[in-house]
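Subject: Structure for you to look at

Hello,

I am passing on a structure that you have not worked with before. Please open it alongside this message and read the notes below with it.

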Amino acid sequence: MKNPLFSVTLADCRVDTFRCTGPGGQHRNKTNSGVRITHEASGAVGQSCDTRSQHDNKRLAFRRMAVTKEFQAWQRTETARRTGRL
């Protein structure tokens, strides 16, 4: 298996937590379970308030950030730059 040219982790991103609204009752209103992840280099943003778990929302937000147009364009540009095609 080939080694990837680079990897993107949470360390490359800004992670913000906030309180979600909606169903879930008192627990949801008291905890910062919503997560917004911003990839600093590309400006791509992923956000999740789907579950009461901050860890699950963090995973979902990262996945949503990774499939945005901004992130995909940055990834293509970065790959081309690192392989010398740019």
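The model is predicted, not experimental.

Overall fold

The protein has three helices and three strands. Their order along the sequence is β-α-β-β-α-α. The radius of gyration is 16 Å, whereas a compact globule of 86 residues would have one near 12 Å. Along the principal axes, the C-alpha atoms fill a box of roughly 55 × 25 × 15 Å. Buried residues make up 27% of the 86 in the protein. The exposed surface comes to about 6,000 Å², and carbon and sulfur atoms supply 49% of that area. If you take the contacts between residues at least 6 apart in sequence, 39% of them join residues at least 24 apart.

Aromatic rings

There are two aromatic pairs in the structure. One of them is formed by F6 and W74; the ring centres are 5.7 Å apart and the planes stand at 80°, an edge-to-face arrangement. F6 belongs to the segment before β1 (13–18) and W74 to helix α3 (residues 69–83), so this pair ties together parts that lie 68 residues apart in sequence. F6 and W74 are both buried.

The other pair is F71 with W74: the centres of these rings are 5.6 Å apart and the planes are at 35°, so the pair counts as tilted. F71 and W74 are three residues apart in helix α3, which means that about one helical turn separates them. F71 is buried because its relative accessibility is 6%, under the 20% cut-off. W74, at 18% relative accessibility, also counts as buried. Through these ring pairs, F6, F71 and W74 are linked into a cluster.

In soluble globular proteins, nonpolar side chains tend to be buried together. Here the largest nonpolar core consists of nine residues: F6, C13, V35, I37, A44, A61, M65, F71 and W74. At least two residues of this core come from each of β2 (34–39), α2 (54–66) and α3. The three residues of the ring cluster, F6, F71 and W74, are on the list of core residues.

A61 is another core residue. Leaving aside residues up to four places away in sequence, A61 touches V35, I37, G46, Q47 and S48. Of these, V35 and I37 also belong to the core.

Two single residues

T68 sits in the loop between α2 and α3. With a relative accessible area of 15%, T68 is buried. Its side chain reaches the backbone oxygen of M65 at 2.9 Å, and M65 is itself a core residue. T68 also touches A44 and V45, again not counting residues up to four places away in sequence.

R59 is found in helix α2. Its relative accessible area is 48%, so R59 is partly exposed. The side chains of R59 and D56 make a polar contact at 2.8 Å. R28 is 31 residues from R59 along the chain, and the C-alpha atoms of the two are separated by 18 Å.

Regards

Note on methods: Residues are numbered from 1 along each chain as its sequence is written. This is a predicted model: local features need pLDDT of at least 70, side-chain atom pairs count only at pLDDT 80 or more; totals for chains, interfaces and linings use all residues. Side-chain values use heavy atoms; hydrogens and water are left out. Rings of Phe, Tyr and Trp (its six-membered ring) pair if their centres lie within 6.5 Å; planes under 30 degrees apart count as stacked, over 60 as edge-to-face and the rest as tilted. Helices (H or I, at least four residues) and strands (E, at least two) are DSSP runs, numbered from the N terminus. Buried means under 20% relative accessible area, exposed over 50%, partly exposed in between (1.4 Å probe, protein chains only). A nonpolar core is a set of buried Ala, Val, Leu, Ile, Met, Phe, Trp, Tyr and Cys residues joined through side-chain atoms within 4.5 Å. Contact means heavy atoms within 4.5 Å. The radius of gyration is taken over C-alpha atoms; the globule rule is 2.2 Å times the number of residues to the power 0.38. Accessible areas come from the Shrake-Rupley method with a 1.4 Å probe; for residues, only the protein chains shown count as cover. A polar contact is a pair of N or O atoms within 3.5 Å; within protein, one must be able to donate a hydrogen and the other to accept it, and residues adjacent in sequence count only if both atoms are side-chain atoms.
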